[in-house]
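Please go through the structure shown here with the following briefing in hand.

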Amino acid sequence: MKKNIVKTEAIEFYAPRTEEHEFVRGKTGLVFCKNCNAVYYKKSWHHNLRHYKNLAENLAIKFLLCPACKMIKNKQFEGEIVILNIPDKFLKELVHLIEAFGRRAYARDSQHRLIEIKKDKRNLIVTSTENQLAKQLAKKIKDAFKKVEEKISYSPAPSDVVYIKLMFLSS
Ligand SMILES: [Zn+2]
């Protein structure tokens with residue numbers, strides 16, 4: 001997975017993913033991501049061509065950035081979790097949980113990615129390509145560590161970026 005530096009203060013809210021809709025119109029074409037292995041067919045992005053059945057056809061082939069790579073390149077994200085006040089004894093386990101979650105999410109869907117896990121003193125900042133991914137990860141962290149308080153906020157419409165703050169409560 002590619003790691004990019006994401007600066008929260010430099011977010012530009014991105015336009016709807018019109019390119020994706022363009023792909024849908026072309027019935028039999030294939031789109032390969034120029035950056036990762038993702039390939040677009042049957043109306044969604046896949047890790048490879050394993051389930052593609054019509055390889056013998058004369059296909060229109062395009063090379064573009066997949067939405068996830070494009071988002072990362074443009075230093076955008078759809079989910080951000082800021083985890084504060086992490087007790088030293090939990091840090092290693094927490095990072096492990098986050099990395100494992102990221103690997104599983106990407107294995108399930110080529111567009112579901114944790115972009116970066118950034119450490120800053122006793123805090124972590126995690127960014128993701130999907131807002132649902134951030135919400136699921138936040139829930140996992142709360143379930144695993146119990147004494148964690150959560151605050152969720154959204155960027156104004158039409159963008160749907162979710163910002164989650166998790167705070168470890170001192171016992
Ligand atoms: Zn890609």
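Buried means under 20% relative accessible area, exposed over 50%, and partly exposed in between (1.4 Å probe, protein chains only). By that scale Phe63 is exposed, with a relative accessible area of 54%. This is a predicted model, in which local features need pLDDT of at least 70, side-chain atom pairs count only at pLDDT 80 or more, and totals for chains, interfaces and linings use all residues. Residues are numbered from 1 along each chain as its sequence is written, and side-chain values use heavy atoms, with hydrogens and water left out.

**Zinc site**

- Cys33, Cys36, Cys66 and Cys69 coordinate the zinc ion through their SG atoms at 2.2 to 2.3 Å; donors are N, O and S atoms within 2.8 Å of the metal (3.2 Å for Na, K and Ca).
- Angles of 104 to 114° between the four donor atoms make the arrangement tetrahedral (all angles between 85 and 135 degrees).
- Along the chain, the zinc donors follow the spacing C-x2-C-x29-C-x2-C.
- Both Cys36 and Cys69 are buried.

**Aromatic pairs**

- Seven aromatic pairs are found in a search of the whole structure; rings of Phe, Tyr and Trp (its six-membered ring) pair if their centres lie within 6.5 Å, and planes under 30 degrees apart count as stacked, over 60 as edge-to-face and the rest as tilted.
- Phe32 and Phe63 are stacked, because their ring centres are 5.6 Å apart and their planes are at 25°.
- Phe32 is partly exposed, at 21% relative accessible area.
- Tyr40 and Trp45 form an edge-to-face pair, with ring centres 5.4 Å apart and planes at 65°.
- Tyr40 is buried at 4% relative accessible area, and Trp45 is buried at 7%.
- One aromatic cluster consists of Phe90, Phe145 and Phe168.

Note on methods
Four donors count as tetrahedral if all angles lie between 85 and 135 degrees; four count as square planar and six as octahedral if opposite donors are over 155 degrees apart and all others between 65 and 115; anything else is irregular.
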